[in-house]
Each structure stands twice: as structure tokens, then as C-alpha cells.
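Subject: Structure handover

Hello,

Here is the structure I promised to pass on. Please open it first, then read the notes below.

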Amino acid sequence: MGRGGLARFVAPLAEAVPLRFVALRALDRRLNFLSYASKLNYGVVERPHYGHCLLQAALIARKLGYPAITAIEFGVAGGNGLVALERHAEHVEREVGIAVALYGFDSGSGMPDPVDYRDMPYLWQPGYFKMDVDALRTRLSRAELRLGPVEETLPRFLREESPPPIGFIAFDLDYYSSTMAALRIFDAELSRFLPRVACYLDDMVGDIAYAYNEFTGELLALKEFNASHERAKIVPVNGIRFYGGRIPRLWHEQIFAAHLFDHPDYNRPISDLAQLPLREGEGNRPSQKAKPGLIWPRRPRRPRRAV
Ligand SMILES: C[S@@+](CC[C@H](N)C(=O)[O-])C[C@H]1O[C@@H](n2cnc3c(N)ncnc32)[C@H](O)[C@@H]1O
């Protein structure tokens, strides 16, 4: 066995994942018995962060009575993310009953020239991540590619196309300047979105070599977006790692929600919580609905013995 082969076996042992979850994952890969939500929580499927965002968007859409949503990946490169997103869309459509339209935006020719230090050229250079357009098209079954500089393709898309409301956006353009251009999507009419849009921003977490910070890159773009938009804010979703029995993962730090405060549906209730019980486990147990299972029904827990 070569070094690579050995690493494949050793790597899972080095993961900070309790052994019971490693076993559960392996079992599910064979027997496929976990629900889709559990597969995402336990990391059984590829790119659970994409699945998580898409699922949450579809659940909000269903709650608010939207029949379909759009998901967008800004920055497609080789296309592994978009291909994974297609697989997640199939699951989500089946489980939630909400149709999903998919779009991928990319130059097609790799990273453009950086504008200045804010694009972090110490990490990325022009031409990195060039797409093999023909090869990718053969792998895609439903996602549509919009190729060219996002500074041009996005305004054209907003002018000429009107897909279902956007519920999930993955921002993976790396540069500050490109992310700023992509964030202009939120200047479009509010009817083009769900009231809260799940967002994934990849360049949030890393070692000192990456040195992501709020003065360069995607984090700077976010900061400037929030400073210049009074009625729309893109903010982290706090505490994802604590819910749903999840195994804490890096991607939990990369999930954001765009809050569109002036959206006509922003204030429409999505929770059935109307009362808090005196004691946990008594009455109609509404406190369970107040937790993250709020729109995703949870399997009821076995009642605890009274103390
Ligand atoms: C890190 S790669 C994307 C990786 C991909 N999301 C994945 O998961 O495999 C970044 C991509 O952003 C694209 N990109 C960066 N700036 C762009 C711009 N201004 N217009 C269009 N594409 C851009 C590059 O072509 C590159 O393919």
C-alpha cells in the first residue's frame, strides 16, 4: 500500500469525531438507513454544508408557501461543488417537496487578475482553478452555467432571467473584488429572494498561513456589504454545531443568513410556538418546537423520568 492508501485509512482515525459516529457513517454508507437530515448532521454525505443550506432554504420556502427555490454557486472551478449541489437538490426535492433550480457562475478561465492586496494574491493567482467546461457539462444534469466575469454575468442574469426565489447562495469566488461583485445580487428586487437567504462563505476559517481577516478577502466584502446596507445584513448563524446531535465541523463557522428586513414575508411566522409549558415534558411540549427542529420535525424523545 502506497503512502496515499495508508493515509486514507489513518485520516479518519485522526478526525475529531467520536468512534460511534465513524461507525454510524460506515454503517449508513452500506445500509442507507439514516434520514437525509441525519446524514447531513453526521457528515455521511459529501459537502453537508451545501445540503444543510439547501434543506433549510427549502423548509423555510415550504413554511411560507413558496413552491420552488433557486440555489446559486458563485465560483464553480472544476465543478465538484455544483455536482454535489445537484445531488443535494434531489434529496431536498424528495424530502421537502420544493422544486430546486440551480445555477453556477464562473469565469470559466480561472481566477482573474487580482485588484490589489485585498484579493489576497498571496493565496490565489490569475488562472488558478480553470474549468474544463466540456467535461463539467457532461457531469451536470440540471445546473446551468453562467460563464464570464461575474461583474458582467450577474447583472445580465438579473436583467434577463427570473428563476424561482433565491434561497441559498454559496460564495466561493475567493477574491474580495469578485465577492463584492457577487454580493450585488442583493440589490435586486426583494421578490427574487426568500426573506432570509442561506449563505455559505468558504474563506472564513483557516490556519495562520491563510490568515483570513476582516480587512481582506471575503470577510472584508461582508463587512463592507453590511456597512453599506441598512435594511439587509449578512450575519453568521450562531451555534449550528450544538444542534441536531451534530458533530462539530469547520463548515458550521461558514454558514450565514442574509436577512432582508424589508421583504414582505420577513415577519411572517414560521414557528408554531405559541406558549411555553410550565414543565418540560408536560402538555403539548411546544418547547421542542422552539428549538432548531422548529421547522424540521424531530423524532420525539423518550419521556424522562420525573425527579
Ligand atoms: C475556489 S474556486 C471555486 C471552487 C468551487 N466552488 C468548488 O467547490 O470546487 C474559485 C472560482 O472563482 C472563479 N472566479 C473568481 N473571480 C471571478 C470573477 N470575477 N468572475 C467569475 N469567476 C470568478 C474562478 O474562476 C474560480 O474557478
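Start with a definition: two strands pair if DSSP finds at least two bridges between them. Helices (H or I, at least four residues) and strands (E, at least two) are DSSP runs, numbered from the N terminus.

Two points on the source. This is a predicted model: local features need pLDDT of at least 70, side-chain atom pairs count only at pLDDT 80 or more, and totals for chains, interfaces and linings use all residues. Residues are numbered from 1 along each chain as its sequence is written.

**The sheet**

The protein chain has ten helices and seven strands. An open sheet holds seven strands in the order S3-S2-S1-S4-S5-S7-S6, and the pairing is mixed. At its edges sit strand S3 (144-147) and strand S6 (232-236), each of which pairs on one side only. Neighbouring strands of this sheet are turned by 20° against each other on average, direction ignored. Angles run from 0 to 180 degrees between N-to-C directions, and axes are lines fitted to C-alpha atoms, for helices over the stretch in contact.

Look at strand S5 (residues 193-201) and strand S7 (residues 255-260). They run antiparallel, joined by five bridges. Tyrosine 200 has isoleucine 255 in S7 as its bridge partner.

H4 packs on the sheet. There H4 touches strand S1 (68-74), strand S2 (99-106), strand S4 (166-171), S5 and S7. Contact means that the C-beta atoms of two residues, placed from the backbone, lie within 7 Å. The direction of H4 makes about 175° with that of S5.

**Two packed helices**

Which angle do H4 and H5 make? Helix H4 (residues 48-64) and helix H5 (residues 80-96) pack at about 35°, with their axes 9 Å apart. Residues of H4 that meet H5 include Tyr50, Leu54 and Arg62. On the H5 side, Gly81, His88 and Val96 are among them. By class, this contact of H4 with H5 has ten nonpolar, four polar and one charged residues. Ala, Val, Leu, Ile, Met, Phe, Trp, Tyr, Cys and Pro count as nonpolar; Asp, Glu, Lys and Arg as charged; the others, Gly among them, as polar.

**The ligand**

There are 22 residues around the ligand, and Gly75, Ala77, Gly81, Ser107 and Ser178 come nearest. A residue is near a molecule if its C-beta atom, placed from the backbone, lies within 6 Å of it. H5, helix H7 (150-160) and helix H8 (176-183) each supply at least two residues of this shell. By class, the shell has ten nonpolar, seven polar and five charged residues.

Best wishes
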